[in-house]
Amino acid sequence: MKQKFDIIQSTCIPIEIDNCNTDLIIPARYLASTTRDPKFFGDAFMHDLRYDADGKEASDFVMNRPDYREAPRKGVHEIIIGGRNWGSGSSREHAAWAIAGYGVRVVISSSFADIHRGNLLNCFVLPAVVSEDFQQELFATVRKNPLAEVRVDVPAQTVTNMETGRSEHFEINSYKKYCLMNALDDIDFLLENKDKIEAYERK
């Protein structure tokens, strides 16, 4: 999951569900698993919308539609465009594991549930907040053309619709930005600064 963030340009999965909660992102029955295998959680991502009660693919769900399956040039959509208040509900970290395990590196929405937003960052997935107007433009673009790409420039903190050229700035905590750009989790960051911490302690 640890990858350095710079510029990510990818096709997108448009999940036009407002208040898409963590139980939709990963059903509660997967929480009992003790594995940390990314593929296990990636396969469970949006499971109960991707499959019916008999385990057959739901053909009308966007992730199963042939036009979206065939779109990613890298083999995976690295960006999700989500509805308002993405990640509401329980605080389960597994929801972020599922998104990361599926291969997603950025979730774009007009708003995120607070705890889920932190979980995403801890799992090396960038939650990028844009205006509702821009969010709806992105939905419309990808709905019209599943091959349309979005560019997320982490150093510049911008999201760009490559079809229209429109960009918006997004905010990110400077510490988390540094960690993403250097593929550091919180422990890695402390170890990177071990000498400074020990020097401070000696004083």
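So, helix H6, residues 114-122: its buried residues pack against helix H1 (22-25), helix H5 (94-101), strand E4 (106-109), strand E5 (126-129) and helix H8 (174-181). Contact here means heavy atoms within 4.5 Å. The buried ones in H6 are His116, Asn119, Leu120 and Leu121, where buried is under 20% relative accessible area, exposed is over 50%, and partly exposed is in between, with a 1.4 Å probe and protein chains only. Helices (H or I, at least four residues) and strands (E, at least two) are DSSP runs, numbered from the N terminus. Why might you look at spacing along a helix? An α-helix has 3.6 residues a turn, so residues three or four places apart point the same way. After H6 comes Phe124, with a positive phi near 60°.

Quick word on what we're looking at: this is a predicted model, where local features need pLDDT of at least 70 and side-chain atom pairs count only at pLDDT 80 or more, while totals for chains, interfaces and linings use all residues. Residues are numbered from 1 along each chain as its sequence is written, and side-chain values use heavy atoms, with hydrogens and water left out.

Okay, two buried polar residues. Ser110 sits in the loop between E4 and H6 and is buried at 14% relative accessibility. Its side chain makes a polar contact of 3.2 Å with the side chain of Gln135. By polar contact I mean a pair of N or O atoms within 3.5 Å; within protein, one must be able to donate a hydrogen and the other to accept it, and residues adjacent in sequence count only if both atoms are side-chain atoms. Beyond four places in sequence, Ser110 also touches residues including Arg84, Val129 and Glu132.

Then Thr141, in helix H7, residues 132-144. Thr141 is buried too, at 12%, and its side chain has a polar contact of 2.9 Å with that of Asn161. Other contacts of Thr141, again skipping residues up to four places away, include Ala148 and Glu163.

How many disulfides does a search of the whole structure find? Zero, taking a disulfide as a pair of cysteine sulfur atoms within 2.5 Å. Cys20 is buried, with a relative accessible area of 0%. Cys179 is in no disulfide either, as the nearest cysteine sulfur, in Cys123, is 13 Å off. Cys179 is buried as well, at 3%.
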